[in-house]
Amino acid sequence: GFQILSLPSNGKLFSASPDASDELEIGSILPPTVDSASNKPWGFPFKYVSNDPYYFNYPPTMYNGTSLDIPPEELSYQIVALDLVSHEVIGKSVSVVQNIRVLNVNNAPTLTGPSNVSGVVDPSIPDNASIEINGFQVEDVDKNVDQVRVDVISSEGVGVFTLNEEYRHLAEFGGICAFRYETDWRCEGTGTDNAQMTFLAQPSDVTSILGGLKYKTSEAMSRETIVNDVVVVRVMDGVGGDCLSSKEHKTYFDTEFDDYSSIRKECFEVSASVPVILHQNWTINWDDDEDTDDSKNKGWLPFTLPYQVMLGLFALTICCCSWCFFACVRICCSYMMKGRSSKMNTSEDDETASGSFESPV
């Protein structure tokens with residue numbers, strides 16, 4: 001039989017024989033499996049279960065060839081001879097180390113983005129109708145063993161995009177992606193001023209590539225223009241459909257053209273939609289002539305024309321109300337003064353009449 005000497009560090013072993021499924025321990029002895037054709041023993045079956053559902057050690061590198069530095073998973077055993085009566089070990093071989101290849105099973109990535117973005121553009125600055133969008137983040141538990149497909153779209157068709165120049169080289173627009181024939185999609189764009197772009201990249205690189213994504217409206221901006229758009233980012237990971245085909249994975253991506261480098265079962269898609277509002281700053285330059293001299297004075301008002309009209313009407317109303325108020329005050333004061341003067345005259349007349357009265361003889 002086969003006696004277990006050491007167990008793997010990241011998982012557990014179970015007997016895979018038809019009549020047993022117990023967890024194996026150090027010292028467990030398994031009977032050999034007999035080949036039905038030759039009637040000779042050839043090994044012992046076992047089942048490996050990882051402690052971490054996302055653990056794997058193969059493929060050992062990322063898509064770009066960077067080593068993942070994952071320690072090997074292994075067990076050791078020896079062949080022993082047992083006494084048929086007492087089942088005691090009466091002989092044993094040297095120990096043997098068996099490497100366990102744990103294949104990656106492709107999982108869905110995660111994608112998050114900002115809730116919304118708004119921007120004010122300055123009409124006095126060239127190429128002004130643009131803003132930067134930050135906050136997209138992609139995470140993938142598969143440790144970059146595969147590239148993913150990324151789409152960046154203006155849902156209203158009024159914007160163009162430019163990728164972060166520092167990381168633009170990490171996005172693959174050409175190669176097999178631009179000329180693929182397996183399904184009906186291909187890579188599009190160059191990463192600069194594209195209305196829609198589709199590219200391939202490692203999941204962890206997508207966060208850097210989309211960092212500082214520049215959005216520029218393709219509409220002519222005026223003082224009254226308000227651009228409303230929705231930027232949609234889609235990430236697709238897996239096989240078939242909107243993802244790469246199994247043949248493409250095998251031919252171009254798998255380490256040493258190995259069919260067993262990763263297990264892909266479906267095409268996962270995640271997306272993030274970001275509303276974008278873009279408008280000019282609401283100021284008026286009274287000197288809009290392109291040939292103006294820098295020495296001329298420019299008058300800037302902090303309101304657009306409708307607001308100026310409203311301000312003028314408000315000022316006119318204040319003036320009218322003020323005139324009416326002072327007019328009313330003057331009229332009231334005039335009447336009050338006249339009333340007082342009339343009363344004083346009446347009193348004087350009464351006194352005069354009283355003083356000149358003579359009794360009849």
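Predicted model: local features only at pLDDT ≥ 70, side-chain atom pairs only at ≥ 80, totals over all residues.
Counting bonded cysteines along the chain, the pattern is 1-2, 3-4.

**View 1. The disulfide of cysteine 177 and cysteine 187.** The sulfur atoms of cysteine 177 and cysteine 187 are 1.5 Å apart. The torsion about this S-S bond is about 80°, so the disulfide is right-handed. Both cysteine 177 and cysteine 187 lie in the loop between strand E16 (159-162) and E17, 10 residues apart. Cysteine 177 is buried at a relative accessible area of 1%, and cysteine 187 also counts as buried, at 9%.

**View 2. The disulfide of cysteine 243 and cysteine 267.** Here the sulfur atoms of cysteine 243 and cysteine 267 are 2.0 Å apart. The link has 75° about the S-S bond and is right-handed. Cysteine 243 sits in the loop between E19 and helix H2 (246-253) while cysteine 267 belongs to strand E21, so the pair ties together parts 24 residues apart in sequence. Cysteine 243 is buried, with a relative accessible area of 2%, whereas cysteine 267 is partly exposed, at 26%.

**View 3. The largest nonpolar core.** This core has 31 residues, and Val152, Leu163, Phe199 and Tyr215 have the most contacts inside it. At least two residues each come from strand E13 (130-133), strand E15 (148-154), strand E17 (196-201), helix H1 (203-210), strand E18 (213-217), strand E19 (226-238) and strand E21 (267-280). E21 supplies the largest share, 5 residues. A second, separate core has 15 residues, including Ile4, Leu24, Tyr48 and Leu68.

**View 4. Helix H1 and its buried face.** The residues Pro203, Asp205, Val206, Ile209 and Leu210 of H1 are buried. Viewed down the helix axis, the buried residues of H1 fall within an arc of 140°, so they line one face of the helix. Among the elements covering these residues are E13, strand E14 (137-139), E15, E17, E18 and E19. After H1 comes glycine 212, which has a positive phi near 70°.

Notes: Residues numbered from 1 in each chain as written. Heavy atoms only, no water. Core = buried A, V, L, I, M, F, W, Y, C linked by side-chain atoms within 4.5 Å. Buried < 20%, exposed > 50% of the residue type's maximum accessible area, 1.4 Å probe, protein only. Helix = DSSP H or I, 4+ residues; strand = E, 2+ residues; numbered from the N terminus. Arc of directions from axis to C-beta. Contact = heavy atoms within 4.5 Å. Disulfide = S-S within 2.5 Å.
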